[in-house]
Amino acid sequence: MRPPSSDRPHAHGDAGGPFASASPTAGPGPEPDGAPVPSASPVGRLAATVERLRREVRAAQAEAEGRALIELAKGILVERLQCGPAQAARQLAELAEQAKMTPLEFAVEVINQAARDKMSEVTEAFLAATSETAESVVDAAAVRLRAAESGALAADDTQAVADSLLQQALQPLGAVAVAIWAAGPDGSLSLAGSAGFSPVEAARWRYVPPDVVTVARRGLTERDGQWITSLARTGLPSIGRHQHPDGGRAALPAGTGGRVHGVLEIVWAEPLAPQPPRIIRQVEALAELCAHTLETYSLVHDSVPEPRVLPDAAELMDLADGLHDPALVLVPHLDDSGHLVDFRIQHVNSRFLDPAGRPRAVVNGALLLEAYPMAAGESELFQRVERVYATGEPFRARRMNLTALVDQVPLSAIADISISRHGSGVLLLWRIEDETARLASLLQHAQRLGRIGGFEENLLTGEITWNGQLFDLYGRSPSGTPVPLEELTAHAHADDTDAIRRFLRTLLHQRRPASTAFRLQRPDGVTRHIRIVAEPVLDTDGRLFAVRGAYQDISAQHWTEVALAATRDQLAHTEQQATERNRLTLQLQHAIMPPTQAPLQVPDLQVAVRYRPAEMEQLVGGDWYDAVVLPSGMVLLCVGDVAGHGMEAATSMVVLRNALRGLAVTGAGPGQLLSWLNIVAHHLNGAVTATAVCGLYDPDRHTLRWARGGHLPPVLVRGAEATPLPLVRGMLLGAVPEAQYEEAEVQLAAGDTLLMYTDGLIERRDRSVEESLKQLLTTARTAPRTLDLQLDRLLTYSKSDTDDDTCLVGIRVG
């Protein structure tokens, strides 16, 4: 970057400097660079005349700007010394001579001492960072900045401001172009002025629609602006990209008093090194200078309309009083230096409800951060208001979390937020979803469905809300305890358990609306046919935090008979085949798990089993399990899976299950049992292959000896950890005539849970077994109070998608 000292202006002499005096040209002669002028050629004489006039115009402009600064300094001396203009002029000349400075440099020094503004701060910082040549350098910087300020304030449009900034202040910093963007209330950008770009390029970038990400747009949205080393590395579109693709960029918001009116974008031809603080402060001062110009620009250009400033927000207060939603009118609160520090609550309408329950009179007139100190924290409400006030872009949010908005007041509120700027005021609307609104919503659901009882269950706090009709439906007293969804199977007919589990899995795990029908077993012995319809409720981050829905009594509904009649008509031509298939399917399911599974009576041991059949009848498979106390007192635990589906797989499964139970009476270990079972599978018709895991639990020693034949290992849940047991050798059953199976033993402690399962619990088409097993271990770490609830939870949150049979056996010690 070129040092500013190389551009130090001079009051006299240097014709190339920004404040050089005009040098009359008497006639043809050599140019300042020594090039001869072809006086004999008319074209040459014309070119020399044009060049001479151009230099004179530049010199005249520089002298005019210099005179403006000198006149301003004279005015300051008139006020300070209480003298006339002539005496102030003489005093300025004498003081400049004593200080050995030009009148222009001394005038800038007087202005800096009197103004004490950001330009003065930049000059002082510049002085503190310079070496022994600091005095000459700072004089040049001060003159350059004050000249740029004078030219900008004297310019009649933003285009002239851009020319003045580039020539006086930015070219000495190495910049080659500058663009001044005006921000519209909709987030758009309009090119208000530019210098250093071709007319064609400026015309292409005269308007940038909202939400188009450019360098200038980044400068508008970032509080501290953007300093880009190389434009090519960012890939962002910007004006002049084709002219300087690898150059550096700076884009800073141009704003005053908390309002952002536009962006100052500066272009360097070469990559930009990190800038020292003094240069950054200098550019920020220029951006603030542009903000004053853009205020006037926005009022006279229809392309960037600016809302009219409302005196004391009176009209906005009238507007808020006419709204049906709760509303606050905010006005900016500035400190002594003109910086935005807070917003004052100028007015609250009659419908406003304070989240902390305070009267409106307490909130009205207070500062926003005093009334709601946590608005600047997690909810980011203050930052949203500040951003809307700065850019004019409205903000809308549905179900915004305002938790802990008020310090020391426990509050958990979800609200719809609307923030918009109207002139000098900001209109803030929020609508808190309170208990009354939730109950009214439940009533609307009940009225829409008809003959229902509505409910809402908060999954985070466990709070359950029922209406009176739902208590009547369950046959409970209104003062009783509502039933959680996960305990629904305990109040339903045993044959409806699978349907309820699928319903819970769709609702809680897949987070989709779901419905199912079941038979409700009431405490008074009455059975009702019920349909439950529910939907998940997600917060703004997409997380499930509640479930709402309704129960409907369909016991006397005629549409049930109509639906059944339509089904019978559709299946009339295959009624005999369907009856036989249903009968065989029921027999197979009873072979796997009897309708009434009595719990095993083993001291200090809980045993639970689950079987989930395939949803499609033609996919009946060969999954099986067994849990039985042997004559020796040992407990036989096993699960298995015969390859394939259909009748052959199911019948082979029954043979293997019954064979293993009979072989276990011999007292052999699990490895020997699987060796014998392998022989049985190999000699079955159809070359049957299967997998299995077999274990013998010793109640006295609390140990489990186990072996596996190509099956997934059991999972041990101990405390908050769930891990699969280490693999032991054992090949697929039925693959070879004879095979040996390795045994392992695990010592179980009180509170330990051991799970055996078939692959229908975890198998997915889109991921590996290892990934599915990891998900199972994550779910198994949460251990409910009973083993039955834990197995139900594993089935509910299972991520399998192959619609295969699933067997699950669990034991818990203690």
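**Exercise 1.** Is F455 buried or exposed?

*Solution.* The model is predicted, so local features need pLDDT of at least 70 and side-chain atom pairs pLDDT 80 or more, while totals for chains, interfaces and linings use all residues. Residues are numbered from 1 along each chain as its sequence is written, and side-chain values use heavy atoms, without hydrogens and water. Buried means under 20% relative accessible area, exposed over 50%, and partly exposed in between (1.4 Å probe, protein chains only). F455 has 2% relative accessibility and therefore counts as buried.

**Exercise 2.** Determine the geometry of the aromatic pair F343 and Y389, and locate both residues.

*Solution.* Rings of Phe, Tyr and Trp (its six-membered ring) pair if their centres lie within 6.5 Å; planes under 30 degrees apart count as stacked, over 60 as edge-to-face and the rest as tilted. The structure holds eight such pairs. For F343 and Y389, the centres are 5.6 Å apart and the planes stand at 80°, an edge-to-face arrangement. F343 belongs to strand β8 (residues 340–348) and Y389 to helix α14 (residues 381–391), 46 residues apart. Helices (H or I, at least four residues) and strands (E, at least two) are DSSP runs, numbered from the N terminus. F343 is buried at 0%, and Y389 is buried at 6%.
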